[in-house]
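Me: I would like to learn how to read helix packing and residue surroundings in a model. Could you take me through it step by step?

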Amino acid sequence: MRYLIAILTMLISTAGQATANVQLQNLRCEMLSNPTGIDVTAPRLSWEISSAQRNVLQTAYQVLVASSAEKLAANEGDLWSSGKVSSSQSVQVVYAGVPLQSRTICYWKVRTWTTQGASEWSEPAQWSMALLTAKDWQASWIGLDRAFPWDSAQSKFSRLSARYFRKTFAVKPAVKRATAYIAGLGWYELYLNGQRIGNQVLAPAPTDYTKSVLYNTYDVTAALQPGDNAIGTILGNGRFFTMRQAYKPQKIRTFGYPKMLLQLEIEYADGTRETIASDASWKVTTDGPIRTNNEYDGEEYDATKEMPGWNTARFDDHKWLQPELVQAPGGVIRAQLNEKMQVMERLQPRSIKELKPGVFILDMGQNMAGWLQMKVKGPRGTNVTLRFAETLQPDGSLYTANLRDAKVTDMYTLKGGSTETWHPAFVYHGFRYAEISNYPGTPTVQDFEGQVIYDNISTTGTFTSSDTTLNQIFNNAYQGIRSNYKGMPLDCPQRNERMPWLGDRATGAYGEAYLFDNAKLYAKWLDDIEEAQTPEGAIPDVAPAYWRYYSDNVTWPGTYILVADMLYGQFGDQRVIAKHYDTMKKWLAYMRAKYMKDYIITKDKYGDWCVPPESLQLIHSRDSTRNTDGTLLATAYYYRLLFLMQRFAKVLHKPQDAQAFADLCVHIRTAFNQKFFNPLTAQYSNNAVTANLLPLYFGITPAAAEKQVFNNIVNKIQQEYKGHISTGVIGTQWLMRGLSRWGKPELAFHIAANRDYPSWGYMIDRGATTIWELWNGDTANPAMNSHNHVMLLGDLLIWYYEDLAGIRNSTAFPGFKQVIMQPVLPEGLQTVNASYQSIHGTIKSEWKNRNGTFTWNISVPGNTTVLVYIPATAAAQVKESGNAAAKAAGVKWLRMEGGRAVFEVGSGNYEFESSK
């Protein structure tokens with residue numbers, strides 16, 4: 001009996017230990033943490049598995065979704081109980097419960113069974129449904145479709161004051177829940193009883209408002225009080241009332257005067273409900289302190305016109321106007337599923353210096369995008385002016401020529417009395433320097449704070465190495481990327497442009513995905529692109545199409561397909577492919593019908609944009625040997641896009657489409673080589689690096705000629721360009737990976753680590769803290785010379801992670817379910833330390849290559865496997881934690897390949913070592 005009891009005790013203890021060894025964390029719905037107000041009726045659920053044990057793989061899961069926290073705690077999944085599902089899937093699991101209704105709050109948890117035991121139930125998470133049908137909206141669009149005497153609305157440099165709305169209402173005791181739904185166009189701030197609701201800024205995300213209007217949802221229960229209440233909003237102009245009115249209307253789109261749709265729903269403990277909706281009973285004024293707000297030109301705020309208590313119940317609004325019931329924008333009302341913008345970091349200025357009496361220059365020490373918060377004390381009516389720029393003139397004054405006609409000026413009029421703290425509400429600036437004029441007294445750095453604004457997305461990647469140039473480039477890239485996330489990916493944050501150009505992100509989005517959790521941002525952008533497609537099938541170069549640029553080229557609109565492929569590969573998002581497949585197919589058919597002749601695409605517009613020019617004063621090269629034939633670019637890219645469409649068709653189980661795409665590729669490949677390839681010299685077209693690189697990388701080059709073509713690329717770079725970059729935006733998207741994966745990682749490293757022109761290091765040597773638009777950004781014509789662009793990064797960041805750190809998704813297992821870790825080891829680079837927070841968990845790679853010894857510490861998240869490629873001449877040379885790697889727990893020997901020992905590794909932390 002005692003023996004039996006001992007056995008049972010041991011079994012119970014072992015089972016408990018197995019459970020304790022597996023934990024679940026980071027529960028997400030639609031890749032968001034506890035989202036409020038989503039309109040996806042079959043949302044996808046994800047979780048991470050962590051354990052101190054190695055080789056943890058999920059074998060089954062169970063999800064419970066309940067309509068209350070109490071039911072969930074009692075393990076009652078009245079909305080969905082999946083039962084025990086035998087599956088290894090832990091990301092993008094589609095909800096399959098009862099149909100979800102508007103306003104439903106869903107509480108959920110998950111447990112898993114793994115190769116190392118079962119988990120306990122996870123901590124609970126939740127999501128709430130938004131308003132799913134048009135009938136759910138009782139609110140009306142309200143606004144004022146006119147300007148006022150102090151405005152100058154219909155001029156090129158449009159000035160329009162902010163709209164202030166308010167409404168009082170009574171609330172009974174015992175509020176159970178209160179929810180606010182708001183679409184405030186262009187941008188809004190929301191208040192209840194004087195309390196600012198949410199920490200978002202510049203909301204909602206911009207769209208083509210004739211196609212889609214995004215709204216946000218807030219739980220405002222805590223902001224209500226029994227008795228009299230007041231709700232208030234401020235509307236700024238944003239992209240709705242665009243920055244340049246009555247100017248180039250054939251090019252620049254505008255959508256009308258600011259307007260709002262708002263619905264506040266109150267549910268009481270007794271089950272009764274009440275709705276406060278925007279309608280003609282509200283009050284509105286435009287004669288408030290925000291006198292103008294223009295994304296290009298700045299914001300002017302007159303504190304003497306503040307209206308204390310305007311957003312509280314007791315404010316006297318009898319002088320305010322009645323709003324108009326205005327025309328709806330035209331777009332479909334949709335919940336915003338991408339993260340809202342926020343103040344994401346606060347920076348202290350580096351210095352402040354007096355330029356001349358009454359004028360000071362503030363240096364933030366970092367080119368950034370956001371606004372400047374100011375503290376000031378002085379006489380009533382004093383006007384303080386803030387102007388912004390990225391760089392300075394030799395005399396220390398602002399250099400603004402590269403901002404073109406953007407005025408980038410904020411003005412603040414003091415109300416007098418105590419210290420006043422202010423920042424704008426409806427603009428942002430791209431700047432490192434600020435000119436401060438007419439500040440009362442002598443300003444100090446303590447009087448200012450730079451507030452960095454971008455989408456509230458997580459930083460997912462880190463990277464350091466033994467090379468200081470690589471490290472600084474990485475930081476510059478990080479700063480530049482986040483500067484240009486503004487509810488859509490912009491080209492630049494400072495001049496009179498700030499447009500979501502497609503070509504800038506063709507491969508950039510992919511590299512950025514290693515630094516930021518940009519999945520929702522780019523999924524939203526694909527919607528923008530789809531909505532911009534014409535009935536005939538054309539896709540613009542800018543989307544949303546705020547500028548009407550439908551130039552019918554391949555390389556810019558093709559970003560649509562490339563980004564969809566990125567979202568599938570990096571995040572396992574198959575739904576974006578299904579959603580956009582028909583639109584992508586329609587565009588390819590449109591381009592083929594209109595511009596394909598004998599299987600060659602005959603139309604291109606931008607060429608290999610921004611090739612390093614032969615003169616430091618030029619924007620674009622005039623040397624025909626540097627530039628690549630546009631028809632070659634267009635046809636090569638069309639071929640590449642067809643290759644991706646084959647993949648999409650297979651994922652969506654469309655074999656006939658896949659075969660049709662494959663057949664067309666065969667014809668294009670033949671025609672391409674007949675037209676552009678010289679078999680005697682193994683050169684394409686004019687032998688430019690891009691001309692040779694694209695067909696080689698895309699698989700167009702005949703197999704027998706691949707080595708010769710690659711040698712031509714290497715010779716061109718080394719001999720003609722002395723080891724420097726010579727490609728523009730198009731070629732640079734494939735250059736670093738192409739060199740490394742064809743056997744020249746040391747040449748890629750040399751290009752990356754260069755400090756003289758042209759190079760990323762050259763920018764650093766000239767004081768850059770972000771990435772420039774031009775390789776010669778310190779000397780080129782200011783007409784096109786942004787100092788905060790990301791398009792020249794090309795595939796550099798992908799190369800950092802996939803080639804240097806060796807963290808790469810297996811194409812056969814999207815979403816990093818299986819990882820390929822095969823770092824290149826260029827001579828001169830001794831260490832790399834990188835991490836990436838994948839949707840399955842954190843992957844780490846830290847290697848050192850010194851004195852003939854290679855050491856490599858890696859971390860593999862739960863429910864994933866990794867193929868590791870370790871430099872060695874035999875498996876016996878490789879050790880893990882001091883012992884033979886092939887016998888280590890969680891490690892499986894596979895083969896020798898290309899001077900590497902290849903192992904399959906399960907989750908956990910590992911220390912590998914090999915010696916020559």
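Reply: Let us begin with a pair: the axes of helix α5 (residues 519–532) and helix α7 (residues 575–595) come within 11 Å and cross at roughly 15°. This is a predicted model, in which local features need pLDDT of at least 70, side-chain atom pairs count only at pLDDT 80 or more, and totals for chains, interfaces and linings use all residues. Residues are numbered from 1 along each chain as its sequence is written, and side-chain values use heavy atoms, with hydrogens and water left out.

Me: What describes two packed helices?

Reply: The angle between their axes and the distance between the axes. Axes are lines fitted to C-alpha atoms, for helices over the stretch in contact, with angles from 0 to 180 degrees between N-to-C directions. Helices (H or I, at least four residues) are DSSP runs, numbered from the N terminus.

Me: Are α5 and α7 roughly parallel or roughly antiparallel?

Reply: The angle makes α5 roughly parallel to α7 (under 35 degrees is roughly parallel, over 145 roughly antiparallel, 65 to 115 roughly perpendicular, and the rest oblique). α5 passes α7 in a left-handed crossing, that is, the near helix is turned anticlockwise from the far one by less than a right angle.

Me: Which residues of α5 and α7 meet?

Reply: From α5, A523, L526, D527 and E530 meet V576, K579, H580 and T583 of α7; contact means heavy atoms within 4.5 Å. These residues divide into 3 nonpolar, 2 polar and 3 charged (Ala, Val, Leu, Ile, Met, Phe, Trp, Tyr, Cys and Pro count as nonpolar, Asp, Glu, Lys and Arg as charged, and the others, Gly among them, as polar).

Me: Is E530 buried, partly exposed or exposed?

Reply: E530, in helix α5, counts as partly exposed at 24% relative accessibility. Buried is under 20% relative accessible area, exposed over 50%, and partly exposed in between (1.4 Å probe, protein chains only). The side chain of E530 makes a polar contact with the side chain of T583 (2.7 Å). A polar contact is a pair of N or O atoms within 3.5 Å; within protein, one must be able to donate a hydrogen and the other to accept it, and residues adjacent in sequence count only if both atoms are side-chain atoms.

Me: How do α6 and α7 cross?

Reply: The axes of α6 (residues 559–571) and α7 come within 10 Å and cross at roughly 160°, so the two helices are roughly antiparallel. This crossing is left-handed. By class, the contact of α6 with α7 has 10 nonpolar, 2 polar and no charged residues.

Me: And what angle do α8 and α10 make?

Reply: Roughly 15°, with the axes of α8 (residues 630–651) and α10 (residues 689–698) coming within 10 Å; they are therefore roughly parallel. Among the residues that meet are Y639 in α8 and F698 in α10. Y639 is buried, with a relative accessible area of 10%.

Me: Where is N785 found?

Reply: N785 lies in the loop between α15 (760–765) and α16 (796–805). N785 is buried, with a relative accessible area of 3%. The side chain of N785 reaches the backbone oxygen of G777 at 3.0 Å. Not counting residues up to four places away in sequence, N785 touches N402, R495, E773, L774, G777 and A780.
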